[in-house]
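User: I'm new to this structure and would like a walk through it. Can we take it one question at a time?

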Amino acid sequence: HLQLVESGGGLVQPGGSLRLSCAASGFLVDGLDYYGIAWFRQAPGKEREGVSCISRRDLSTTVADSVKGRFTISRDNAKNTVYLQMHNLKPEDSAVYYCAAHRSSSSCSLVKIEYDWWGQGTQVTVSS
């Protein structure tokens with residue numbers, strides 16, 4: 001069983017930056033490198049949407065159009081941690097951010113149902 005814990009959220013002014021972390025623990029078969037990891041977010045009253053993903057063995061990454069050029073996903077396998085660096089934050093980026101993991105394929109996906117393990121989320125609020 002894989003556990004994911006997000007951290008790094010908080011209150012930031014528009015135009016500011018945050019770095020979210022997703023720390024993985026538990027039964028990591030072959031290490032975190034063999035898991036596809038994604039970040040999703042959910043604002044009040046809205047569907048959970050995919051933000052960015054990184055495939056198994058870092059073969060590919062994907063970033064949603066709404067955050068392209070501002071958000072970057074990366075992985076530190078030695079620390080079993082995946083990061084989401086967020087720059088030029090906007091009020092519409094406010095949401096609970098979740099990380100998720102899967103082993104089912106080598107692709108990078110922003111489709112929720114493809115992910116088997118989820119963290120509890122971390123709140124990001126962008127406001128002046």
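User: Leaving aside neighbours within four places in sequence, which residues is Val-82 in contact with?

Analyst: A word on the ground rules: this is a predicted model, where local features need pLDDT of at least 70 and side-chain atom pairs count only at pLDDT 80 or more, while totals for chains, interfaces and linings use all residues. Residues are numbered from 1 along each chain as its sequence is written, and side-chain values use heavy atoms, with hydrogens and water left out. Contact here means heavy atoms within 4.5 Å. With neighbours within four places set aside, the list for Val-82 reads Leu-20, Ser-21, Cys-22, Leu-32, Ile-37, Trp-39, Ile-54, Ile-73, Ser-74 and Arg-75.

User: Which residues have the most contacts inside the largest nonpolar core?

Analyst: A nonpolar core is a set of buried Ala, Val, Leu, Ile, Met, Phe, Trp, Tyr and Cys residues joined through side-chain atoms within 4.5 Å. Buried means under 20% relative accessible area, exposed over 50%, and partly exposed in between (1.4 Å probe, protein chains only). The largest core has 29 residues, and those with the most contacts inside it are Trp-39, Phe-71, Val-82, Leu-84, Met-86 and Tyr-97.

User: And which strands each supply at least two residues of this core?

Analyst: Strands (E, at least two residues) and helices (H or I, at least four) are DSSP runs, numbered from the N terminus. The strands that each give at least two residues to this core are β1 (2-7), β3 (18-26), β4, β5 (49-54), β7 (71-76), β8 (81-86), β9 and β11.

User: Which residues does the second, separate core include?

Analyst: This second core is a set of 6 residues. Among them are Phe-40, Cys-53, Ala-100 and Tyr-115.

User: Why is strand β9 largely enclosed by the rest of the structure?

Analyst: Strand β9 covers residues 95-102. The reason it is largely enclosed is its count of buried residues, which is 7 of the 8.

User: Which strand pairs with β9 over 7 bridges, and which residue is the partner of Ala-38 in β9?

Analyst: Two strands pair if DSSP finds at least two bridges between them. The strand with 7 bridges to β9 is β4 (residues 36-42), and the two pair in the antiparallel sense. As for Ala-38, its bridge partner in β9 is Ala-100.

User: How many bridges join β9 to β11, and how many join β9 to β10?

Analyst: Strand β11 (residues 122-126) runs antiparallel to β9, and Tyr-97 has Thr-122 as its bridge partner in β11. Strand β10 (residues 117-118) is antiparallel to β9 too, with Trp-118 as the partner of Ala-100. The counts are 3 bridges for β11 and 2 for β10.

User: Is Ser-55 buried or exposed?

Analyst: Ser-55 sits in the loop between β5 and β6 (61-63). Beyond its neighbours within four places in sequence, its contacts are Tyr-35, Gly-36, Ser-60, Arg-75, Ser-106, Ser-107 and Cys-108. Its relative accessible area is 0%, so Ser-55 is buried.

User: What is phi of Asn-80?

Analyst: Asn-80 is in the loop between β7 and β8, and at 23% relative accessible area it is partly exposed. Although it isn't a glycine, its phi is positive, at about 50 degrees.

User: How many residues apart in sequence are the parts tied together by Glu-47 and Lys-112?

Analyst: A salt bridge is a side-chain nitrogen of Lys or Arg within 4 Å of a carboxyl oxygen of Asp or Glu; that rule gives 6 salt bridges. In one of them, the side chains of Glu-47 and Lys-112 meet at 3.5 Å, N to O. Glu-47 is in the loop between β4 and β5 and Lys-112 in the loop between β9 and β10, so the pair ties together parts whose separation in sequence is 65 residues.

User: Is Arg-75, which meets Asp-58 in a salt bridge, buried or exposed?

Analyst: The two side chains meet at 2.6 Å, N to O. Asp-58 lies in the loop between β5 and β6 and Arg-75 in strand β7, 17 residues apart. Asp-58 is partly exposed at 36%, whereas Arg-75, at 12% relative accessibility, counts as buried.

User: Which residues are linked in a network of salt bridges?

Analyst: Start with Arg-70 and Asp-93, whose side chains meet in a salt bridge of 2.7 Å, N to O. Both residues are buried. The network links Arg-41, Glu-49, Arg-70 and Asp-93.
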